[in-house]
Each structure stands twice: as C-alpha cells, then as structure tokens.
Amino acid sequence: MKRELITHVLTRSDFGATVTVAGWLRSRRDSKGGFSFLALNDGSCFANLQVVADDTLPNYADELAHLATGAAVSVTGTLVASPGKGQQVELKADAVVLHGGVDPEAYPLQKKRMSFERLREIAHLRPRTNTFGAVARVRNALMAATHQFFQEQDFICVHTPIITGSDCEGAGDMFAVTTLNPADPPRSESGAVDYAQDFFARRTFLTVSGQLEGETYASALGRIYTFGPTFRAENSNTRRHLAEFWMVEPEMAFADLSDDADLAEAYIRHLVKHCLNHCEADLAFFNQWVDKTLLARLTALGDAPYHRLSYTEAVDCLVRSGQTFEYPVTWGCDLQSEHERYLTETVFEQPVIVTDFPEAIKPFYMRLNDDGKTAAAMDVLLPHVGEIIGGSQREDRLDVLLERMRIKGVDPETYSWYLDLRRFGSVPHAGFGLGFERMVQFCTGMQNIRDVIPFPRTPRNADF
RNA sequence: UCCGGCGUAGCUCAAUGGUAGAGCGGAUGGCUGUUAACCAUUAGGUUGUAGGUUCGAGCCCUACCGCCGGAGCCA
C-alpha cells in the first residue's frame, strides 16, 4: 500500500491534493450534520490527523458510523484547510477502508487517561497511547543521538558479548546461561554439577557490563563505545531498576578521569539538545501531562558546565549543610540516595559529577589515586533520576592491579586476558556506563523506569 | 530482601461490622464543524486467594499472592 506518513501530511499546504494515509483510530465524533470526525494516528508523530468522513460514503452506515477506538483504517481523500479550531489541515475522505475492527467492549484501551500501572499489564497495546508513543519516539531519538555523538567524535561502535564467562565482575548477581536439564544435570564424582558438559563447557552468564571486553578494543582502536543490553539478577524493586536494561559504555585510551568527565558531560548535553530539537511535540505533551517542570529543566541544562566535586568535598558539603539525614555522612561510607538527591536537587539543582571515591568501596579495576586512599572513579547524578553514569579511569599498572585484585579477593587466573592489556602496551584509559533508560526517564519526566522500555523485565515479571 | 501503603464493575475510586455505589468507558436515543464533546436511558459484581472471629465481614484477625512507594544493590 502506498501511503504517506501523518507527520509529513500535517506540514503540507497544497490543498486539493489527493492523499492516502493509514493508522489507528483514536476517536470518532459524529455530527448529525451527516458526517463523522475521525482522529487518526499512525505513530509517525504525536499529533493525529483529522479525517472528515461524509455519510455519502458507501460504507458509512454499515462500518464508519460504528468505528471504535483502536480500529485500523486507511483513508484516501482530499487535503483541505480545516475550518475548525485545533488543526491546520484535515483530510476530506473519498474512501475509507476498514482493515481491522475493534470490539469496544473487549478493547482494553480507553479514550481517556489510564493509569501507568494498568497500562503495564497490557504492554502490547500501550504503544497506541499518547504517552507510550511519545516515549518510543524520544527513546529512538536518544538512541540516534548516541550513535551520532560518538560517531562524530570518531568512536568505534563495538558489539561486546551478551553471554560471558566472567562470573565475578562485581556489578551484581548474574543470570546463568545453560542448556543443562535443571531437573537432572550431569554431575562429577564429587556430586557437583559438571559444567564441563554444558554447552560452553564451562559456567556462563548474561553480561552485567561490556566494560572489560570494551577495554580490549579501546586498547587497539583508541576510542570505542558499546550500546547493548545488560542483565542484573538483583531482586530490585524500585522505579529506577530493571533486570534487563540498555547501557552505553564508551572507553577511551590515553585518557584520564578528567577526560572521562568531559566526555560524560558533552554526551549528556548532546542528548538533551538533540531531544529538545527533534521531539518538540512529544516533550510538550510530557511537560503538560507528566512533569510540569520538564522543559524548564531540560532547557536550563543549556551550556553551563556541570558541578564537579570530589567525594571528599561532597562529604564536607553534606556535613556542613546542617541537614539531618537518615544515614549520617562520614568519610568512607558510600553516598546514600538521600545524599545524592540533596546534592543534585537541593544544593546545585543541576547535574553533579562526584569524583575520587574511597578505594575501599570501589571495584578492583578502578585506578588507585596517588593518595593511596581514593580511586579515580566518578558518578554523574541527575536531579530526579539519581545516578545515571558510573565511570572511572582504569588501573593500568599491572603490579597495582594485581595487588588490588588480591585485596578484593578476585582471582587473577580468570582475568588473564584482562591482565594482558597491562602486560603489553598498557595505556592510561577511562570510560563509563550510562543507564539508557534512566536517560529516557530524565528526558521524558516519566517516574517509573518500567514505562520507558517497551517490555520491562523485573522480578516476577517477564511477560510478553 | 527490608519498611510502609493498596487490592471492590472494563477503568478510576466510594461504602460507622448491618440492603455493594458513583464517575468514566460500553450500548441505545437525542443534540452539535466536533476537539479527553455534551444530555438522557440502560446493561454491568464470587469485593486478590485461603482460613478465622461474629447473629452478620468489602470492613476485624492470620497466612499467602500481586501491585505501588521508599530503602538496599546499581546504571
């Protein structure tokens, strides 16, 4: 079928032209003047196209007068200037074809507002709503902007593996990947499950991060990034955690923590600007119905540099604030959510980059600073979203890395290939991971992360 | 996993331990170049599950399941 997208039709002004569009009915309003208004949406943009269907159409009485919300139709008609308010153009139908009807009694979607909780239960139909259509377009824009940003800066996109053999990367519990029969796995003489007989002849898992593999390509191609799914088998029940989420992980050779922070800042700024420039109608909708402060917040991000402070300075700031926290702040403790929120939402009211955390609370691969107490790590915190980026300069000195692994109880044997990067042509390098869904949350104002990914995977939920 | 809240019509929610209701949505009719239309009529219920207390439980008690919010884990 040759059809035109509504997003393009709406900007046309060559009235009198014949146009064919197709989509799903959002609403039908009848006029006893002998015609009906059909609000048609094809997903190409936020706005609907208003179709005027006259009762002289041959299938008017039988089909068109009974069209229900959700019905799939195509319309060929004449483009006209709309005499009504609310739209510039409309389509005067010459022919309306009903492709798939809807039983309104059975159709779960209503014309009026529905709760996000309810829509989560019908995740296969929710992209037909205003909100989830808009989320999908914003998410797409952020994905495109991600590739655009890194490609323009000569980063190479690397596809790191989803199935991994590293079982102790320290980023959380992992999902096991196996083809063994769970009811009757092969066992060794000691009675333990014999993974030598499994598909990969070893234990394997879904990746919790592409970082270690990313480092290998950064140690050859210089600047790389990964953009793929990530899996955490944590029993997390919050509005900002998923068991399956997408992460963007750049890695740069010949770079330190400061370069890393510069990159993070430029990247986030690019994403927000791209979103403001390409998703105007969708953002206007979110600003009106989801978060009244969204546009102001995104616009205010502007060009002002983000606040950067060390962990030590952050602790000082929190202590001096006189604020009472549920968890008191002391040097050496990890910052709690309430502390991060206070910094980014109350003190600075914009993104904050905290650097140089105590080495004791950070993983082995983060570079030990010269003070011997802190690691070259950074967190980027966003108002209302929290931690969106975690990154670090990596430990590039073999002897220091080995010592850190020993202290943290990581077996060097299983990381021999990772250690080779330090044995052969080791360079200072740094990178970070950005939680893509959290970025979508930030740009849409959506409160719950389960509503910014098409089919959320969370504890007890892998439907669809 | 811990703390708190919730679970009643298709949806959103009411209902002192005493006859289960409203709005929206649906159907039907009316009215109108309409914009989340409006007016009238009407259909629609195993109150999450299983026990318990009571003359009587949507309401009180216990357990379980699920959802939501906060915390932890993190992105």
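Q: Which residue stands opposite Thr-204 in S9?
A: In this model, which is predicted, the residue standing opposite Thr-204 in S9 is Val-177.

Q: And how many bridges join S8 to S9?
A: Two bridges join S8 to strand S9, which covers residues 204-206, and the two strands run antiparallel.

Q: What order do the strands of that sheet come in?
A: The order is S7-S9-S8, so three strands make up an open sheet with antiparallel pairing.

Q: Why is one side of S7 and of S8 left without a neighbour in the sheet?
A: Strand S7 (163-164) and strand S8 (176-177) stand at the edges and each has a single partner strand, so one side of each has no neighbour in the sheet.

Q: What holds strands together in general?
A: Strands of a sheet pair through backbone hydrogen bonds, and the pairing can be either parallel or antiparallel.

Q: New topic: where is Gln-148?
A: Gln-148 has its place in helix H3, which takes in residues 130-152.

Q: Why does Gln-148 count as partly exposed?
A: Gln-148 has 13 other C-beta atoms within 10 Å, and because a residue is called buried at 20 or more and exposed at 12 or fewer, that count falls in between.

Q: How far apart are Gln-148 and Leu-271?
A: Gln-148 and Leu-271 are 123 residues apart in sequence, while in space they are 9.7 Å apart, taken from C-alpha to C-alpha.

Q: Zooming out, how many helices and strands does chain A have?
A: Chain A comes to 12 helices and 16 strands, and buried residues make up 36% of its 464 residues.

Conventions. Residues are numbered from 1 along each chain as its sequence is written. Chains are lettered from A and ligands numbered from 1 in the order in which they are written. This is a predicted model: local features need pLDDT of at least 70, side-chain atom pairs count only at pLDDT 80 or more; totals for chains, interfaces and linings use all residues. Helices (H or I, at least four residues) and strands (E, at least two) are DSSP runs, numbered from the N terminus. Two strands pair if DSSP finds at least two bridges between them.
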